[in-house]
Amino acid sequence: MPDVAYSGVPNERSEKRVHFIGPSRDEVRAFPRPVRRTIGVALRTAQFGRKHETAKPLKGFKGAGVLEIVEDHDRNTYRAVYTVRFAQHVYVLHAFQKKSKKGIATPKHILKLIRDRLAAATADHRARESQ
């Protein structure tokens with residue numbers, strides 16, 4: 001089974017469970033508190049099957065199943081990427097501070113990392129469904 005951290009049992013009001021692929025939980029925890037708060041609210045919104053106002057589809061992935069949250073804080077830009085492709089699960093795939101000053105495009109090596117982690121999330125989801 002892939003390296004997946006689980007973020008607790010949903011309560012009776014929520015619908016989906018949140019899982020963190022690889023080091024994505026630690027990546028989010030390294031962000032400044034206001035950024036973590038925005039990401040937390042966006043993930044909580046996703047648990048209820050809704051899309052947070054700051055979430056948008058990540059370019060390069062078909063459809064709206066892979067979303068990113070972009071948050072600016074103290075002249076820095078932070079991003080968190082998650083997927084809602086699975087009925088009962090939200091997977092946080094990657095979180096990072098945007099460092100490039102050239103354009104807003106996500107670097108290719110980060111897109112590859114996100115694709116790899118999406119594959120791990122898919123494998124984890126399949127393993128959970130078969131249990």
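Glu27 and Arg117 form a salt bridge in which the closest N and O atoms are 3.2 Å apart; the term denotes a side-chain nitrogen of Lys or Arg within 4 Å of a carboxyl oxygen of Asp or Glu. Glu27 belongs to helix H1 and Arg117 to helix H3 (residues 108-130), so that the pair links distant parts of the chain, 90 residues apart. Helices (H or I, at least four residues) and strands (E, at least two) are DSSP runs, numbered from the N terminus. Both Glu27 and Arg117 are buried, where buried means under 20% relative accessible area, exposed over 50%, and partly exposed in between (1.4 Å probe, protein chains only).

## Model and confidence

The model is predicted, with local features requiring pLDDT of at least 70 and side-chain atom pairs counted only at pLDDT 80 or more, while totals for chains, interfaces and linings use all residues. Residues are numbered from 1 along each chain as its sequence is written, and side-chain values use heavy atoms, with hydrogens and water left out.

The mean pLDDT of the chain is 87, and 86% of its residues reach 70 or more; pLDDT is the predictor's confidence in each residue, from 0 to 100. Confidence is lowest in strand E1 (residues 4-6), with a mean of 52, and highest in helix H1 (residues 24-29), with 96.

## Overall architecture

Three helices and six strands make up the secondary structure of the chain. Their order from the N terminus is β-β-α-α-β-β-β-β-α.

Of the 131 residues of the chain, 41% count as buried. Among contacts with a separation of 6 or more, 50% are between residues 24 or more positions apart, a contact being heavy atoms within 4.5 Å. The accessible surface of the chain comes to about 7700 Å², and carbon and sulfur atoms hold 50% of this area; accessible areas come from the Shrake-Rupley method with a 1.4 Å probe, and for residues only the protein chains shown count as cover.

## Strand pairing

Strands E4 and E5 pair in the antiparallel sense over eight bridges; two strands pair if DSSP finds at least two bridges between them. In this pairing, Leu67 stands opposite Tyr82 in E5. The hairpin of E4 and E5 has two residues between the strands, and Asp74 takes a positive phi near 50 degrees there.

E5 and E6 also pair in the antiparallel sense, over eight bridges, and a hairpin joins E5 to E6 through two residues. Arg79 stands opposite Phe96 in E6.

## Nonpolar cores

The largest nonpolar core has 18 residues, of which Phe31, Ile39, Leu43, Ile69, Tyr82, Val90 and Val92 touch the most other members. Such a core is a set of buried Ala, Val, Leu, Ile, Met, Phe, Trp, Tyr and Cys residues joined through side-chain atoms within 4.5 Å. At least two residues of this core come from each of strand E2 (17-21), helix H2 (33-47), strand E4 (66-73), strand E5 (76-86) and strand E6 (89-98). H2 provides the largest share, five residues.

Leaving aside residues up to four places away in sequence, Tyr82 touches Ala42, Leu43, Ala46, Ala55, Gly65, Val66, Leu67, Ile69, Val90, Tyr91, Val92 and Leu93. A second, separate core of 15 residues includes Val81, Ile110, Leu111 and Ala121.

## Further salt bridges

The structure holds four salt bridges. One of them joins the side chains of Glu68 and Arg79 (3.8 Å, N to O). Glu68 lies in strand E4 and Arg79 in strand E5, so this pair ties together parts that are 11 residues apart in sequence. Glu68 and Arg79 are buried.

The side chains of Asp124 and Arg128 also meet in a salt bridge (2.6 Å, N to O). Asp124 and Arg128 are separated by about one helical turn, because they are four residues apart in helix H3. Asp124 counts as buried because its relative accessibility is 0%, whereas Arg128, at 28%, counts as partly exposed.

## His125 in helix H3

His125 is found in helix H3 and counts as buried at 13% relative accessibility. Not counting residues up to four places away in sequence, His125 touches Phe86, His89 and Tyr91. The C-alpha atoms of His125 and Tyr91 are separated by 9.4 Å, and the two residues lie 34 residues apart along the chain.
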